[in-house]
Amino acid sequence: MIRKGGGRWAARILLFLFLLGAGLLYAGCGGDGAAAPVENPALAVTPPRPLLRWMGPAFVRPVDRELVARCGKEVGMAIELLPAPANPVDRLGLYRQFLPAESDDIDLIDFDVVWSGTLAPHLLDLNPHLTAEERGLYFPVYLENNSVGEALVGLPQMGDVGLLYYRTDLLEKYGFEGPPETWSELEEMAAAIQAGERSENAEFWGYVWQGNVYEGLTVNALEWQASMGGGLIVDADGRLAFDDVAARALDRAAAWVGEISPEAVTVFQEEDARWMFQNGNAAFMRNWPYAYGLGQAEDSPVRDRFDVTRMPRGEGEEGRHAGVVGGQQLGVSRYSRYPDAAADAARCLTDAASQRRRALADGTPPAIPALYDDEDLQARIPAAAQIAESLAEHAVARPAATTGGHYTEISLVYFIEVNRVLTGEQDGASAVARVAEQIAAWVE
Ligand code: GLC
């Protein structure tokens, strides 16, 4: 109670300032005044009620307004879209201010898969609001990711999973029958294609991925570890699951740097990798499904010259294909004045009709397996079959729900130490030991 009073006002002021800033930005950009969610910032903190307020997508598209209108009608309450920070770190920072202050200013909250555990104390358990059948709609990996203890704290709005992109024309040119099944095959093909292409293109590399010091490196490194039979830092019971398999996986990836991957891969994020691949300067790339549509753009140099498949598996019996899942979830604030209506809205905004509509409008892959059988969706998302396969069979969730709210800190320690392996400052065993030591306080 004590914390609530002062903290709540501080958080409201912060939220107000953010919304005010966003409102001015809209105005300053000459944005569409009628469409801008906050016209008068003074009204932002005390909206006319009843109204549900959704801190949703950072870039609001026509389809978002369409879904808001449909679901508002369905739950019998208008849903207002609030401007949201585009940078995920800023967004989490804002949530970490107004949620602990128990602010009721926001009802519906978008969050990245990795924040389920961090935000769980402030999110409503959606289990009682959904039938078993409604829960069964989504790929199980998202329910696993969003279940913190007994509570289901969010519903997936989209499917996102690691995929291997490969150049079909180059595979053919160098006599390879299909994409690599294992990491050894990838290493071999990448080296052969790179050696051949270098005679004409000095900029050409075999394999590009995300090695920068950020969350995307945690994603890549967990895929290496999981695919080679290693643990995911922390297991389902919150215990340390980090071993010599992980150490070997990190050493193996470090050996790619400067050989089949550019030195600069240690500062690459998604867009850097996509840039190289799409410009025709790489044979293979690890990326999310979004890169497919862009690679197929009319002016793309690799248009109709690439495809995607599941990520390679490690060798031996322990080896498996592993694609880390990502994407935006939708949760309901525990401090909402209208928890039932907000939960109904969350269900509606993520149901099959909404995800189908979104997929057809902008090509976002759904988090609902049944939709992948839809022919219109397959026409809109050409990689639908591979995305569905990876989400159903090779999906790996980061330990967001099992780290007691400490995922962000654990991932930070992990990607810093992993990056130091990639740059040759330490070996995999040293990274494993250092991570284990630094996260000891948060794991059992
Ligand atoms: C994508 C994923 C997200 C992940 C991020 C890492 O945006 O959807 O879950 O954390 O990439 O770079």
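In which loop does D304 lie? In this predicted model, local features need a pLDDT of at least 70, side-chain atom pairs count only at pLDDT 80 or more, and totals for chains, interfaces and linings use all residues. Residues are numbered from 1 along each chain as its sequence is written, and side-chain values use heavy atoms, with hydrogens and water left out.

D304 is found in the loop between α13 (290–295) and β13 (306–309); helices (H or I, at least four residues) and strands (E, at least two) are DSSP runs numbered from the N terminus. D304 has a phi near 60 degrees, a positive value in a residue other than glycine. With a relative accessibility of 56%, D304 counts as exposed, where exposed means over 50% relative accessible area, buried under 20%, and partly exposed in between (1.4 Å probe, protein chains only). The loop between α4 (88–98) and β3 (108–112) contains E102, and the phi of E102 is likewise positive and near 60 degrees. Most residues other than glycine have a negative phi.

The ligand is surrounded by D112, V113, D160, Y214, E215, G216, E270, W288, G326, G327 and R398, a residue being counted if one of its heavy atoms lies within 4 Å. This shell divides into three nonpolar, three polar and five charged residues. In this division, Ala, Val, Leu, Ile, Met, Phe, Trp, Tyr, Cys and Pro count as nonpolar, Asp, Glu, Lys and Arg as charged, and the others, Gly among them, as polar. Domain 1 (6–160 + 327–395) and domain 2 (163–324 + 403–442) both contribute residues to the shell, so the ligand lies between them; the domain bounds come from an automatic or database domain assignment.

Polar contacts are pairs of N or O atoms within 3.5 Å; within protein, one must be able to donate a hydrogen and the other to accept it, and residues adjacent in sequence count only if both atoms are side-chain atoms. A polar side-chain atom of D112 lies 2.9 Å from an oxygen atom of the ligand, and a polar side-chain atom of W288 lies 3.3 Å from an oxygen atom of the ligand. For G327, a backbone N or O atom lies 2.9 Å from a ligand oxygen atom. The protein covers 79% of the 310 Å² of accessible area that the ligand has on its own (Shrake-Rupley method, 1.4 Å probe; for residues, only the protein chains shown count as cover).

E270, a member of the ligand shell, also takes part in a contact within the protein: its backbone oxygen is reached by the side chain of N287 at 3.3 Å. N287 is part of strand β12 (residues 282–287) and is buried, at 0% relative accessibility.

The largest nonpolar core holds 138 residues, of which L108, Y207, W224 and F284 touch the most other members. Both domain 1 and domain 2 give residues to this core, so it lies between them. A nonpolar core is a set of buried Ala, Val, Leu, Ile, Met, Phe, Trp, Tyr and Cys residues joined through side-chain atoms within 4.5 Å.

A226 belongs to helix α10 (residues 215–227) and is buried at 3% relative accessible area. A342, in helix α14 (residues 339–349), is buried at 0%.
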